[in-house]
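Colleague: I have a structure to go through with you before I set up my calculations. Could you take me through it?

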Amino acid sequence: MLNKHGVGTIYFGVKQNGDVIGQDVSESSLRDVSRTVYESIKPQIYPVIKEEILDDRSTIKVEFSGENTHVYFRNKFCFLYKT
């Protein structure tokens with residue numbers, strides 16, 4: 001998403017088909033997601049991570065944007081988007 005469109009949103013607690021199943025959300029889980037993003041994606045991105053209620057269930061919403069054409073995840077994958 002980031003490589004191709006420059007923006008994206010990921011929800012934890014929502015299936016790929018859009019069904020909301022919910023997610024346990026606490027300060028600790030929000031911190032864990034933030035730390036994983038910080039440690040795993042290079043060059044660094046600074047997402048907005050927050051709890052969002054969908055269909056009366058808690059989810060974790062991660063919104064991000066960036067302008068880099070190469071994004072590495074855990075130093076193993078590199079995706080290149082050419083316009």
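Modeller: What follows covers the overall fold, the strand pairing, the salt bridges and the rings.

Colleague: What kind of model is it, and which cut-offs apply?

Modeller: It is a predicted model, in which local features need pLDDT of at least 70 and side-chain atom pairs count only at pLDDT 80 or more, while totals for chains, interfaces and linings use all residues. Residues are numbered from 1 along each chain as its sequence is written, and side-chain values use heavy atoms, with hydrogens and water left out.

Colleague: How many helices and strands are there?

Modeller: The protein has 2 helices and 6 strands, and along the sequence they follow the pattern α-β-α-β-β-β-β-β. Helices (H or I, at least four residues) and strands (E, at least two) are DSSP runs numbered from the N terminus.

Colleague: And how much of it is buried?

Modeller: Of the 83 residues, 27% count as buried, where buried means under 20% relative accessible area, exposed means over 50%, and partly exposed lies in between (1.4 Å probe, protein chains only). As for contacts, meaning heavy atoms within 4.5 Å, residues 24 or more positions apart account for 59% of those with a separation of 6 or more.

Colleague: Which strands pair with β4?

Modeller: Strand β1 (residues 7-12) pairs with strand β4 (residues 57-65) in the antiparallel sense over 6 bridges, with F12 standing opposite I60. Strand β3 (residues 48-54) also pairs with β4 in the antiparallel sense, over 7 bridges, and there I53 stands opposite S58. Pairing here requires that DSSP finds at least two bridges between the two strands.

Colleague: Let me turn to K61: buried or exposed?

Modeller: K61, which is found in strand β4, is buried because its relative accessible area is 13%. K61 touches T9, I10, Y11, V48, I49, K50 and E52, not counting residues up to four places away in sequence.

Colleague: Which salt bridges does K61 form?

Modeller: The side chains of K61 and E52 meet in a salt bridge at 3.3 Å, N to O, and both of these residues are buried. K61 also forms a salt bridge with E63, the closest N and O atoms being 3.5 Å apart, and E63 is partly exposed because its relative accessible area is 29%. The criterion for a salt bridge is a side-chain nitrogen of Lys or Arg within 4 Å of a carboxyl oxygen of Asp or Glu.

Colleague: Changing topic, how many aromatic pairs does a search of the whole structure find?

Modeller: The search finds 0 aromatic pairs, given that rings of Phe, Tyr and Trp (its six-membered ring) pair if their centres lie within 6.5 Å.

Colleague: What lies over the face of Y38?

Modeller: K42 lies over that face of Y38, at 5.4 Å from the ring centre. A charge sits over a ring if NZ of Lys or CZ of Arg is within 6 Å of the ring centre and within 35 degrees of the ring normal.

Notes: Phe/Tyr/Trp six-rings, centres within 6.5 Å; stacked < 30°, edge-to-face > 60°.
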